[in-house]
Amino acid sequence: MNRATPITAIYPGSFDPLTRGHEDIARRSLRIADRLLVAVAYTATHVKKGLFSVEERLELITEVFRDEPRVEAVSFQGLLVDFARQRDAHVVIRGLRAVSDFEYELQMAQMNQKLWDEIETVFLVPEGEYSFLSSSLVREVASLNGDVGPFVSPPVLAAVNRKFSSR
Ligand code: PNS
């Protein structure tokens, strides 16, 4: 990679579902990357436990970033670094909401670095109002009939509401 090369970054996660906090991090990352792959990690365990299928998560990510041609929704199986190498992406984006995120994130970043020396993890901080937000809390609140409207974008809200009304 040299400085003339456009920077492709990967923002990996479960995104079950994408929250406004994820969206904030993704949009911020476009200030330092030319293209962003929002990458849904696809493993048997992730899918089994999920509220949304991988395909549904990809559709929602695509819908939320319809206004942003530099964002692509993708899924991957296996190691993140293998996928990153395939896509010639040398930057991983992760959000840091609070100190409690740090230990796990540091471990992942260092492991990824060991697995592929050409990967750099960049931590971005979300807007303060999103620092308490997580997909698991959104799922829990929605499952108990709480309003998750403030925490997710309209297409995600509609999908979450459909999921719970059909149960
Ligand atoms: O949103 P999450 O669940 O915190 O995301 C975690 C994720 C998907 C980024 C992480 O589990 C991951 O990278 N999984 C892919 C498999 C892999 O590469 N594992 C080694 C990471 S050190």
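# The ligand shell and the loops

Trainee: Which element gives the most to the shell around the ligand?

Mentor: Elements are DSSP runs numbered from the N terminus, where helices are H or I runs of at least four residues and strands are E runs of at least two. With 4 residues, the element that gives the most to the shell around the ligand is α5.

Trainee: What pLDDT do side-chain atom pairs need in order to count?

Mentor: Residues are numbered from 1 along each chain as its sequence is written, and side-chain values use heavy atoms, with hydrogens and water left out. This is a predicted model, in which totals for chains, interfaces and linings use all residues, local features need pLDDT of at least 70, and side-chain atom pairs count only at pLDDT 80 or more.

Trainee: Which residues come nearest to the ligand?

Mentor: A residue is near a molecule if one of its heavy atoms lies within 4 Å of it. There are 13 residues around the ligand. Those that come nearest are Ser14, Ala41, Gly78, Leu80 and Arg94.

Trainee: How many residues of that shell are nonpolar?

Mentor: Ala, Val, Leu, Ile, Met, Phe, Trp, Tyr, Cys and Pro count as nonpolar, Asp, Glu, Lys and Arg as charged, and the others, Gly among them, as polar. On that scheme the shell has 1 charged residue and 4 polar ones, and the number of nonpolar residues is 8.

Trainee: How many Å separate a polar side-chain atom of serine 14 from an oxygen atom of the ligand?

Mentor: A polar contact is a pair of N or O atoms within 3.5 Å; within protein, one must be able to donate a hydrogen and the other to accept it, and residues adjacent in sequence count only if both atoms are side-chain atoms. Arginine 94 places a polar side-chain atom 3.1 Å from a ligand oxygen, and leucine 80 places a polar backbone atom 2.8 Å from one. For the side chain of serine 14 the distance is 2.7 Å.

Trainee: What share of the ligand's accessible area does the protein cover?

Mentor: Accessible areas come from the Shrake-Rupley method with a 1.4 Å probe; for residues, only the protein chains shown count as cover. On its own the ligand has 540 Å² of accessible area, and the share that the protein covers is 75%.

Trainee: Where does the ligand sit?

Mentor: On a 1 Å grid over the protein atoms alone, a pocket is an open set of points with protein on both sides within 12 Å along at least five of seven lines. A molecule sits in one if more than half of its atoms lie within 2 Å of its grid points. The ligand sits in the largest pocket.

Trainee: Which elements give two or more residues to the shell around the ligand?

Mentor: The helix that gives the most, with 4 residues, is α5. The elements that give two or more are α5 (99–115) and β1 (8–13).

Trainee: Why does threonine 19 count as buried?

Mentor: Threonine 19 lies in the loop between β1 and α1 (20–29), and a polar atom of its side chain is 3.2 Å from the backbone nitrogen of glycine 21. Buried means under 20% relative accessible area, exposed over 50%, and partly exposed in between (1.4 Å probe, protein chains only). Threonine 19 counts as buried because its relative accessible area is 3%.

Trainee: Is the peptide bond from aspartate 16 to proline 17 cis or trans?

Mentor: Most peptide bonds are trans. Proline 17 is in the loop between β1 and α1. With omega near 5 degrees, the bond from aspartate 16 to proline 17 is cis.

Trainee: What is the phi of asparagine 145 near?

Mentor: Most residues other than glycine have a negative phi. Asparagine 145, in the loop between α6 (135–143) and α7 (154–165), is exposed at 74% relative accessible area. Its phi is positive, near 70 degrees.

Trainee: Where is aspartate 88 found?

Mentor: Aspartate 88 is not a glycine, and its phi is positive at about 55 degrees. It is found in the loop between α4 (80–86) and β4 (91–95).

Trainee: How far apart in space are isoleucine 25 and valine 125, C-alpha to C-alpha?

Mentor: Isoleucine 25 lies in helix α1 and is buried, with a relative accessible area of 3%. It is 100 residues from valine 125 in sequence, and the C-alpha to C-alpha distance is 7.2 Å.

Note on methods. 1 Å grid on protein atoms, 1.4 Å probe; cavity = no way out; pocket = protein on both sides within 12 Å on 5 of 7 lines; lining within 4 Å.
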